[in-house]
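Let's take a walk through a protein model together. Have a look at the fold before you read on.

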Amino acid sequence: MSTPDRPAQQGQTGAVPITTPADQPTGGPAHPSTKLLVSVHNGHCHQYGICQQEAPEVFHLRSDTRLNYDRTPPAEQSSRVRQAARLCPMQAITVATR
Ligand code: SF4
């Protein structure tokens with residue numbers, strides 16, 4: 001029997017950021033003042049996937065039903081990310097700028 005390439009995360013559901021909270025270079029966004037900061041509340045997200053439909057480059061539901069998302073998407077994703085936040089039935093997505 002083969003061993004899975006990652007440990008089982010039994011009982012875990014929710015959102016998993018795919019970037020670290022630390023500042024990371026983003027390839028030089030055109031408008032630094034509109035840099036996005038996205039967070040998803042683990043306890044609220046029920047993995048409906050509407051966010052992925054609205055902003056597939058930022059949100060991705062994994063096959064294990066956990067949600068991966070980019071915490072610092074490029075500014076050009078702003079309208080899609082904000083629409084995802086508006087349409088999230090659990091109001092789990094927070095979008096801020098800095
Ligand atoms: S739409 Fe909201 S509840 Fe559904 S997966 Fe996205 S963040 Fe989670």
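This is a predicted model: local features need pLDDT of at least 70, side-chain atom pairs count only at pLDDT 80 or more; totals for chains, interfaces and linings use all residues.

Which strands make it up, and in what order? It's an open sheet of 3 strands, running E1-E4-E3, and the pairing is mixed. Strands E1 and E3 sit at the edges with a single partner strand each, so one side of each has no neighbour in the sheet. From one strand to the next, the twist averages 25°.

Here are the strands whose residue ranges matter for this report:

| Strand | Residues |
|---|---|
| E1 | 15-17 |
| E2 | 36-40 |
| E3 | 59-61 |
| E4 | 67-69 |

As a bit of background, strands in a sheet pair up through backbone hydrogen bonds, either parallel or antiparallel. In this model, E3 and E4 run antiparallel, joined by 3 bridges. If you look along that pair, you'll find His60 opposite Asn68 in E4.

Now for the ligand. It has 14 residues around it, and the ones that come nearest are Cys45, Tyr48, Ile50, Cys51 and Cys88. What kinds of residues make up this shell? There are 11 nonpolar and 3 polar ones, with no charged residues.

Finally, find His46, which lies in the loop between strand E2 and helix H1 (50-54). Is His46 buried, exposed or partly exposed? His46 has 14 other C-beta atoms within 10 Å, so it counts as partly exposed: the cut-offs are 20 or more for buried and 12 or fewer for exposed. In sequence, His46 and Arg66 are 20 residues apart, while in space they are 9.1 Å apart, going from C-alpha to C-alpha.

Key:
Residues are numbered from 1 along each chain as its sequence is written. Two strands pair if DSSP finds at least two bridges between them. Helices (H or I, at least four residues) and strands (E, at least two) are DSSP runs, numbered from the N terminus. Axes are lines fitted to C-alpha atoms, for helices over the stretch in contact, and angles run from 0 to 180 degrees between N-to-C directions. A residue is near a molecule or strand if its C-beta atom, placed from the backbone, lies within 6 Å of it. Ala, Val, Leu, Ile, Met, Phe, Trp, Tyr, Cys and Pro count as nonpolar, Asp, Glu, Lys and Arg as charged, and the others, Gly among them, as polar.
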